[in-house]
Amino acid sequence: MTYTILDFLQLIGSLGLFIYGMKIMSDALQKLAGEKLRSLLRSVTSTTFSGVLSGFLTTALVQSSSATTVMVVSFVNAGILTLSESMGVVMGANIGTTITAWMIAIVGFKFESTTIALILTGLVFPLLFSRKAAFQNIASFIIGFAVLFLGLSLLQHTIPNIENNTQILDYFDPFINSGFLSTLFFIAAGIILTIILQSSSASMAFTMVILAQGWITFPLAAAMVLGENIGTTVTANIASSIANVHSKRAARFHFFFNFLGVIWMALLLMPFIKGLDFVLSETFSASYSLFDSNPESRQNATIALALFHTAFNVINTVFLFPLIPLFDRLLIRIQPTKDASDEEFRLQYISSGVMSTPELSLEEAQKELQNFGKVLDKMGYSFSALLFDNPKNKKNIIDKLKKREEITDDLELEIVNYLTKVSEFDLSFASSKIVRNMLSIANDMERVADIYYQMTRNYERMQKHNIKLPEDAMQELREFLDLVYSALKKVRKNLNLPFNEVDINEAQELEDQINKMHKDLKRNHYNRLEKNIYSPRAGVIYLDYLNRAEKIADHLINVDEAMAGVK
């Protein structure tokens with residue numbers, strides 16, 4: 001046999017076409033069901049079992065366990081999921097990724113994939129030009145499906161059939177007929193292949209093809225599948241390398257969970273396959289054996305390999321599910337918190353390795369906006385304490401306000417950079433609108449922080465020049481700032497709701513009260529000036545407080561409107 005560089009490039013191209021088709025499918029599905037997927041993961045708060053179900057459904061839709069687990073790592077980092085909840089999602093993701101194997105085995109090897117791919121593309125191609133985004137996404141999904149199977153068909157043709165190239169087995173004989181060492185070798189081969197391709201589904205497709213072509217036996221193909229289960233954990237661990245301690249623990253769990261499963265299955269591989277062979281022969285009256293090497297058995301063995309993949313992941317989940325509390329304690333000991341910064345949920349960590357699921361990444365950005373709101377809440381509370389309570393630790397409070405203003409500058413920059421990266425992907429119309437609204441929200445919230453800082457500078461000038469405001473003016477100011485603080489509390493509440501589900505009426509009523517009170521207090525201010533109750537300098541300070549506080553309220557109502565989708 002002569003195998004040239006052109007043959008090899010065709011093989012790589014076939015794999016590339018398969019992976020590209022999967023990416024098109026995944027992107028289209030995310031745009032079709034993006035908000036539902038976000039709601040699905042948002043609801044993972046009750047039990048770990050619901051996490052398993054959510055992980056299964058999400059992975060079955062996005063067609064990538066790596067994408068799901070990277071997303072889980074970033075959601076743990078953002079505080080959306082706890083470690084225990086993430087463990088359930090990871091278990092479900094392992095089961096969900098087996099759907100692709102079934103799809104490949106049933107459609108890819110039982111039908112003429114090229115013909116099906118061309119027919120499907122021809123049927124839905126006109127929908128790409130539809131004005132309705134839903135039709136465009138459906139067409140993209142089906143075309144991605146077609147491209148995937150076109151890649152699979154080409155892959156079957158670029159890998160030579162073993163019947164015509166029996167001399168190849170002479171080279172591989174030491175690796176194939178070495179008992180348990182062969183199992184370990186092919187587990188390692190599955191790990192390496194998945195790391196290189198960055199797709200366990202593509203690795204699975206490759207394994208099925210070489211099994212069908214007779215390059216390896218079923219037990220060795222099963223060993224490769226086990227290795228692929230370990231290889232798929234690498235992506236999430238890379239994504240967590242610069243994240244906080246919580247996401248590192250979630251990524252480590254993914255590795256430990258799959259690694260422990262591979263250990264027990266590798267030790268029981270031959271008895272398990274014999275049992276699977278018996279079940280198939282008894283249940284479906286199969287006339288072939290998984291240990292046969294004839295062409296008919298090899299073709300049917302691809303479905304058995306999908307069954308093995310599913311059975312392994314389901315049984316592994318059933319066995320290890322009760323041990324989640326033990327894993328929780330173990331991971332905390334293995335990956336302890338080193339300092340306070342480890343516990344912080346910051347966008348700068350989330351921004352790496354999450355972009356494979358842009359539709360779902362919006363959930364993280366919203367969580368960071370919620371954290372932004374917490375910082376503003378602290379600034380509002382601290383400033384009121386500084387102005388009205390005459391605390392002993394004034395300098396400490398002022399320093400904290402300055403520090404938090406600097407933090408909000410960084411937060412806005414990080415959020416904008418993150419959303420800019422998300423917007424570079426082909427998002428659905430609804431998600432694109434959410435991105436624009438989030439950018440607006442980040443800007444308004446940063447302006448609120450700036451104004452609180454400017455008011456702090458005003459307070460410092462009061463202290464420096466020993467300026468005192470009359471008691472009635474201070475009481476009015478307290479009531480006005482309390483009303484503005486209520487608007488801030490309302491914003492924080494709205495930021496926890498899904499976009500476009502915010503009731504703008506309550507926020508608008510608060511804004512109307514603030515505007516009315518602002519006018520009344522300005523009238524009182526001018527009356528005091530006319531009566532010389534306080535000096536012009538004191539009056540300027542008072543009026544500056546009023547105007548800046550009213551400006552905060554304007555930015556807050558902007559946030560409410562953006563959340564409600566009316567801005």
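**Entry 1: α21 and α23**

I began with helix α21 (residues 471-495) and helix α23 (residues 536-564), which pack with their axes 10 Å apart and at an angle of about 15°. Since angles under 35 degrees count as roughly parallel, I noted α21 as roughly parallel to α23. I recorded that the model is a predicted one.

I then looked up the handedness and found that α21 passes α23 in a left-handed crossing. On the α21 side, the residues that meet α23 include Leu477, Phe480, Leu481, Val484 and Leu488. On the α23 side, I listed among others Tyr542, Tyr545, Leu546, Ala549 and Leu556. Sorted by class, the contact of α21 with α23 has 18 nonpolar, one polar and four charged residues. Glu476 and Lys490 of α21 are among the residues in this contact, as are Glu550 and Asp560 of α23.

**Entry 2: α9 and α10**

Next I turned to helix α9 (residues 180-197) and helix α10 (residues 200-212). Their axes lie 8 Å apart, and the packing angle is about 130°.

Which residues make the contact? From α9 they are Leu193, Thr194 and Leu197, and from α10 they are Ser200, Ala202, Ser203 and Phe206. I counted the classes in the contact of α9 with α10 as four nonpolar, three polar and no charged residues.

**Entry 3: α10 and α11**

I followed α10 to its contact with α11, where the axes come within 10 Å and cross at roughly 170°. Angles over 145 degrees count as roughly antiparallel, so I wrote down α10 as roughly antiparallel to α11.

In this contact α10 contributes Ser200, Ser203, Met204, Thr207, Ile210 and Leu211. From α11 I noted Phe218, Ala221, Met224, Val225 and Glu228. The residues of the contact of α10 with α11 divide into seven nonpolar, three polar and one charged. I marked Ser200 and Ser203 of α10, which also belong to the contact with α9.

**Entry 4: Cavities**

I recorded a volume of about 100 Å³ for the largest cavity.

The largest cavity is lined by 14 residues, and the closest to its centre are Thr97, Ser200, Ser201, Asn229 and His309. I asked which helices supply at least two residues each of this lining. They are α5 (98-110), α10 and α11 (218-231). By class, the lining of the largest cavity has four nonpolar, nine polar and one charged residue.

Terms used: Residues numbered from 1 in each chain as written. Predicted model: local features only at pLDDT ≥ 70, side-chain atom pairs only at ≥ 80, totals over all residues. Heavy atoms only, no water. Axes fitted to C-alpha atoms, helices over the stretch in contact; angles between N-to-C directions. Helix = DSSP H or I, 4+ residues; strand = E, 2+ residues; numbered from the N terminus. Contact = heavy atoms within 4.5 Å. Nonpolar A, V, L, I, M, F, W, Y, C, P; charged D, E, K, R; others polar. 1 Å grid on protein atoms, 1.4 Å probe; cavity = no way out; pocket = protein on both sides within 12 Å on 5 of 7 lines; lining within 4 Å. Points joined across faces, edges and corners; volume = space filled by probe spheres on them. Parallel < 35°, antiparallel > 145°, perpendicular 65-115°, else oblique. Left-handed = near helix turned anticlockwise from the far one by under 90°.
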